[in-house]
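Hello,

Here is the structure for your files. My notes on its aromatic rings follow below.

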Amino acid sequence: MRHRWHRGRRNLSFASKFCHYACFYLFDGKYRDNYSIYDSIVNKALPSYMERYGIKKKRITTYAEYQEAIDEVIKKSKSGIGRNGFDHLLWYCYK
């Protein structure tokens, strides 16, 4: 029996990993890199990269905002790195 106040779990990290790896193994080309993996370490490091590239700081509260911030940093950096590479780079640097 569920109580009125019971809320289901939110597994953003797991869901983003599932989507990331599903795309990575199912698709070729640009569609392989459709999803960034949500990670608290990357999320904590992201504002400093946003500041570095002159991106107006905003509070990141949803996955869509998280993905948008990553995409803006990648675009402004002109590095050509993909979402997967960016995720890994920040995670390893700040772990």
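The model has 9 aromatic pairs. Rings of Phe, Tyr and Trp (its six-membered ring) pair if their centres lie within 6.5 Å; planes under 30 degrees apart are stacked, over 60 edge-to-face, and the rest tilted. Phe24 is partly exposed, at 26% relative accessibility. Tyr25 is exposed, at 63%. (Buried means under 20% relative accessible area, exposed over 50%, partly exposed in between; 1.4 Å probe, protein chains only.)

Tyr49 and Phe86 also pair edge-to-face, with 6.1 Å between centres and 80 degrees between planes. This pair links distant parts of the chain: Tyr49 is in helix H2 (residues 40–52), Phe86 in helix H4 (residues 83–94), 37 residues apart. Helices are DSSP runs (H or I, at least four residues), numbered from the N terminus. Tyr49 is partly exposed at 22%; Phe86 is buried at 5%.

Tyr35, Tyr38, Tyr63 and Tyr66 make up one aromatic cluster.

Two arginines sit over rings. The charged end of Arg32 is over Phe24, 4.2 Å from the ring centre. Arg52 lies over the face of Tyr53, at 5.2 Å from the ring centre. The criterion: NZ of Lys or CZ of Arg within 6 Å of the ring centre and within 35 degrees of the ring normal.

This is a predicted model: local features need pLDDT of at least 70, side-chain atom pairs count only at pLDDT 80 or more, and totals for chains, interfaces and linings use all residues. Residues are numbered from 1 along each chain as its sequence is written, and side-chain values use heavy atoms, leaving out hydrogens and water.

Best wishes

Methods: Helices (H or I, at least four residues) and strands (E, at least two) are DSSP runs, numbered from the N terminus.
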